[in-house]
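Please look over the sequence and the structure shown here before trying the exercises.

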Amino acid sequence: MTTIDFNQLMKEAGDGFQPVPDGPYNIEVAKAEATTTSVETGQKPMFRVQLRIIDGPHAGRLVFDNFVVSAGNATALGFFFEHMAAFGLDSTFFASNPTPEVVAQSLIGRSASVTVGTKVYRGSNRNEVTGYRPLMMGAVGAPPPAAGIPTAGTQVPQAPAPAPTPPPAPVATPPVAPAVPQAVPQAAPPQPQPVAPAPAPAAPAPAAPPLPAGVAPPAAPVAVIPPAPAGVAAPVQPEVVAAPPQPAPVPPAPATTYNPGDEEPF
């Protein structure tokens, strides 16, 4: 006959049958199973998971939840993909159209932060998960990221910023001697220019005396050209045109006195 130490089992159970207090917890997926809902709900695809608390005074306790795929319900589908993204199964993962078994297997070992509440189910208090969000790196009890697809919300540590480059040492500038003011030469005042005396008016040339009546003016003098030496051609001299003789003045006729009683003059 088998003997069971129920006292020891009760110590091991502790308060495991009591719900954990409401609040946030960091969890990891301890188990995931691909199944369907009941016939009454249309046998929709569903993933049943066990979530293990990984830190705090309730580390090791389990919380249970189900993820249902409700085709045709945009709001329900939005919550499903949001919960999957909290575990790192984002749109890139689902773009490959994985099978339900692949989705369930990919959930195992992944971590997230959840908000746990309490509900009454068949007369007993039960825990329910009311929210999911990615588990930030650095949280107490956060496991290392799973190989393969990165966990959503995981913060990749940034490389330390390079040390600032010290500013260059100031270059000593040699002192500049003060500028000595230079004397500015003064321009000599302008000297008055001498005024040239106005030229004296030229004396008018004496007028030639009038020629007596009946005397012709003298002819212009004819230039005498000396003979050219032998063997040398005589230079061509311009032709001198003598002034034409002036006509002699005609003496005026004597005046005739006419009397009305006289005869006509001859």
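Two exercises with worked solutions follow.

The model is predicted, so local features need pLDDT of at least 70 and side-chain atom pairs count only at pLDDT 80 or more, while totals for chains, interfaces and linings use all residues. Residues are numbered from 1 along each chain as its sequence is written, and side-chain values use heavy atoms, with hydrogens and water left out.

**Exercise 1.** Work out in which order the strands of the open sheet lie, and which strands form its edges.

Solution. Begin with the strands, which are DSSP runs of E with at least two residues, numbered from the N terminus; two of them pair if DSSP finds at least two bridges between them. The open sheet has 5 strands in the order 3-2-1-4-5, with antiparallel pairing. Its edges are strand 3 (62-68) and strand 5, each of which pairs on one side only. Next, take strand 4 (residues 111-121), which is joined to strand 5 by 9 bridges; valine 116 stands opposite valine 129 in strand 5.

**Exercise 2.** Classify the ring pair of phenylalanine 87 and tyrosine 132 as stacked, edge-to-face or tilted.

Solution. Rings of Phe, Tyr and Trp (its six-membered ring) pair if their centres lie within 6.5 Å, and planes under 30 degrees apart count as stacked, over 60 as edge-to-face and the rest as tilted. The structure holds 8 such aromatic pairs. In this one the centres are 5.7 Å apart and the planes stand at 55 degrees, so the pair is tilted. Lastly, phenylalanine 87 and tyrosine 132 are both buried (under 20% relative accessible area, with a 1.4 Å probe and protein chains only). Elsewhere, ring pairs link Phe47, Phe80, Phe81, Phe93 and Phe94 into a cluster.

Terms used: Buried < 20%, exposed > 50% of the residue type's maximum accessible area, 1.4 Å probe, protein only. Helix = DSSP H or I, 4+ residues; strand = E, 2+ residues; numbered from the N terminus.
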